[in-house]
Amino acid sequence: MNKILSIAKKELMASFKSPTAYIVLILTISLFNIFFFMIIDEGREASLRDIFKVMEFMFVFIIPLLTMKIFSEEKLTGTMEFLMTTPTTNTAIVLGKYLGSLAFFTLMVGITVVYYFIIEYFGQPDQLTVLTGYAGIWLEGAFFLSVGMLISSWTRNQIVAAIGSYVILFLLYFSISFIRYFDGVAEVLIRYISTSTHCENFAVGIIASADIVYYVSGIVLCIVLTRLSIENRLWR
Amino acid sequence: MIITKNIAKYFGSFQALRDVSFEINKGEIVGFLGQNGAGKTTLMRILTSYLPATSGTVIIGGEDVAKNSLAVRRKIGYLPETPPLYSNMKVIDYLRFAAELKEVPFKRQRNQIDKVLEECNIKDVRDKTIGILSKGYRQRVGIAQAIIHEPDLLILDEPTSGLDPIQILQVRNLIKDLRNERTVLISTHILSEIEQIAQRVLIIRSGQIIVDESLQTLLKTSGNVQGVQSTLEEVFIKLHSESNEGA
């Protein structure tokens, strides 16, 4: 457990020592702010529902930038050899790295809590919906992070890792747009696999166990696969 | 300390190691020689459990590497060919991270870090970022992380490559100082170095161990007709030229 925290701490510190993290953070928050202003200015509705939608959409583009280096950088610089020859289990390595990036992501989402206080000042937002909305957004981001981490563990090239993550996240997020071309089992499957169907429920205040199961099982699956992938010596 | 039996390693259809068997006793310093691509790094990676052997067994300090790799890793300090450093970390933070992962008890961490900073002569860069250090410093930071948990067995893959003569001397002295306490397996291309610090030599060629002898016997038996001892370099070149003629 201590080692998981050591690795997570190191990951988080490393994020703040590289310019990528700041650029992503500043860029993301600025874009969120612009969209927040536009949405509030236009709709004059005291809710964060639409901003959650925008955030979800932007995560698809931002999260691969956060996760691309998780394992590929370690593989490239040879520090993977260091990690894996210390008496640390592979599970601890994967969990530590995941927690580290999750902490950074949580910070990023945490900054947007300001929006709540702004709309609270001017109107009467439904607190519960805001809370469930945040839960949904956070779970979705956590799921995207685990996907990105998995793909990063496949390659030593950060660009390849980022593009791979984009492909998977696009499939997960945009597949719902093509649903009308499918029917029967395929339609049900796509509806279930697509992330936006699940996140929508949270944004309107519905917490369904199916949605939580979807995200949690997705995260667990990716973590387990990442662990298997770093164990697989063929890919080193 | 190390017992290996019939190790073979395949990468796809390429056989990197064949039938490698040897034993290294506690307290020995063993020089590990071979041309580039002979299989030195592969063998070291197998010993440290980074790579699994295709077949054969490795036992280190009584533990089987394949079955109980965590216990083995606690006993090993390993410096890979390129020192595994995080370039955006400070030396001191990196060593603390290494100490945490290598299970140095929290109370002793500060002491151990001070000790290796002293031993590796890197005290003056402790607060510098690793990325800006020169190669000699990086190499020594790499050695510092390898010895931070006082391992019984040290495996060093070309620890002096790319260093200037003064630094080579420093690293060599460091290894000499370490040998009183532990077993050392060191690979290098600088043969005079082995002559000065190792007691025993393993020479590997195309994945096979061709020489496993104490340094003295090796130099004596392959001495020339006049009874003059040859140098390790001469022995090494002779062994490899024979193979080329044979092939």
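The place where the two chains meet takes 18 residues from chain A and 19 residues from chain B, where two residues count as being in contact if their C-beta atoms, placed from the backbone, lie within 7 Å. On the chain A side, helix H1 (2-17) and helix H5 (79-85) each supply at least two residues. Helices here (H or I, at least four residues) and strands (E, at least two) are DSSP runs, numbered from the N terminus. The largest share of that side, six residues, comes from H1(A). Sorted by class, the side of chain A that touches chain B has four nonpolar, nine polar and five charged residues; Ala, Val, Leu, Ile, Met, Phe, Trp, Tyr, Cys and Pro go down as nonpolar, Asp, Glu, Lys and Arg as charged, and the others, Gly among them, as polar.

A word on how to read all this: the model is predicted, so local features need pLDDT of at least 70 and side-chain atom pairs count only at pLDDT 80 or more, while totals for chains, interfaces and linings use all residues. Residues are numbered from 1 along each chain as its sequence is written, and chains are lettered from A and ligands numbered from 1 in the order in which they are written.

Along the principal axes, the C-alpha atoms of chain A fill a box of roughly 55 × 45 × 30 Å. Buried residues make up 40% of the 236 residues in chain A; a residue is buried if 20 or more other C-beta atoms lie within 10 Å of its own, exposed if 12 or fewer, and partly exposed in between, with C-beta atoms placed from the backbone. Of the contacts in chain A with a separation of 6 or more, 78% are between residues 24 or more positions apart.

As for confidence, pLDDT is the predictor's own score for each residue, from 0 to 100. Chain A averages 89, and 98% of its residues score at least 70. Among its elements, helix H11 (residues 195-203) of chain A has the lowest mean pLDDT (83), and helix H6 (residues 90-111) of chain A has the highest (94).

Chain B, in turn, has an open sheet of six strands in the order S6-S7-S8-S3-S9-S10, with mixed pairing; two strands pair if DSSP finds at least two bridges between them. Strand S6 (76-79) and strand S10 (208-214) of chain B are the edge strands, each pairing on one side only. Within the sheet, strand S3 (residues 29-34) and strand S9 (residues 200-205) of chain B run parallel and share five bridges. Here Val30(B) stands opposite Arg200(B) in S9(B).

Glu103(B), in the loop between helix H3 (91-101) and helix H4 (106-119) of chain B, has a positive phi near 60° despite not being glycine. Glu103(B) is partly exposed because 15 other C-beta atoms lie within 10 Å. Glu150(B) has a positive phi too, near 50°, and is found in the loop between helix H5 (135-147) and strand S7 (153-157) of chain B. With 15 C-beta neighbours inside 10 Å, Glu150(B) counts as partly exposed.
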